[in-house]
Amino acid sequence: MYAVSTAGLKGINAVGHRGWVTVKCRICATKLDTTLDIVYVCPHCRDKYEAYFCAADARRLHYRCPFCGRRLELITPWIAEKRGIR
Ligand SMILES: [Zn+2]
Ligand SMILES: [Zn+2]
């Protein structure tokens, strides 16, 4: 049962789209640059809720997604490594 209309494939998310570089923390609405900032994401809710979180809020959430309860993932591990954060 797949009733999704694909008329006019306009809304396709191209990976590497410029809009992906900057995301917004779902909790405090801080702009996060995925090339500069430590950003956490719930891979399950990313598309549905734009479930991105700043480091401070991720810690406050105990690294759990507030939508589904799954573990948040660090999408910028190289930045954390550079700053000595695991
Ligand atoms: Zn935040
Ligand atoms: Zn989630």
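1. A residue is termed buried if 20 or more other C-beta atoms lie within 10 Å of its own. By this criterion, 19% of the 86 residues of the protein count as buried. The model under discussion is a predicted one.

2. Concerning the overall fold, the protein contains 3 helices and 5 strands. Their order along the sequence is β-β-β-α-β-α-β-α. Among contacts with a separation of 6 or more, 50% come from residues 24 or more positions apart.

3. The interior deserves attention next. In soluble globular proteins, nonpolar side chains tend to be buried together. Here the largest nonpolar core has 15 residues, and those with the most contacts inside it are Leu32, Val39, Tyr40, Val41, Tyr52, Phe53 and Leu72. At least two residues of this core are supplied by each of β3 (39–41) and β4 (52–54).

4. Val39 may be examined individually. Leaving aside residues up to four places away in sequence, Val39 touches Val23, Leu32, Thr34, Tyr52, Ile75 and Thr76. Two of these partners, Leu32 and Tyr52, are also listed among the core residues with the most contacts.

5. Thr30 lies in the loop that joins β1 (22–24) to β2 (31–33). Is Thr30 exposed, partly exposed or buried? Thr30 counts as partly exposed because it has 14 C-beta neighbours inside 10 Å, whereas a buried residue needs 20 or more and an exposed one has 12 or fewer.

6. The surroundings of Thr30 complete this note. When residues up to four places away in sequence are not counted, Thr30 touches Cys25 and Cys54. Thr30 and Cys54 are separated by 24 residues in sequence, while their C-alpha atoms are 7.5 Å apart in space.

Definitions and conventions: Residues numbered from 1 in each chain as written. Chains lettered and ligands numbered in written order. Predicted model: local features only at pLDDT ≥ 70, side-chain atom pairs only at ≥ 80, totals over all residues. Helix = DSSP H or I, 4+ residues; strand = E, 2+ residues; numbered from the N terminus. Contact = placed C-beta atoms within 7 Å. Core = buried A, V, L, I, M, F, W, Y, C linked by C-beta atoms within 7 Å.
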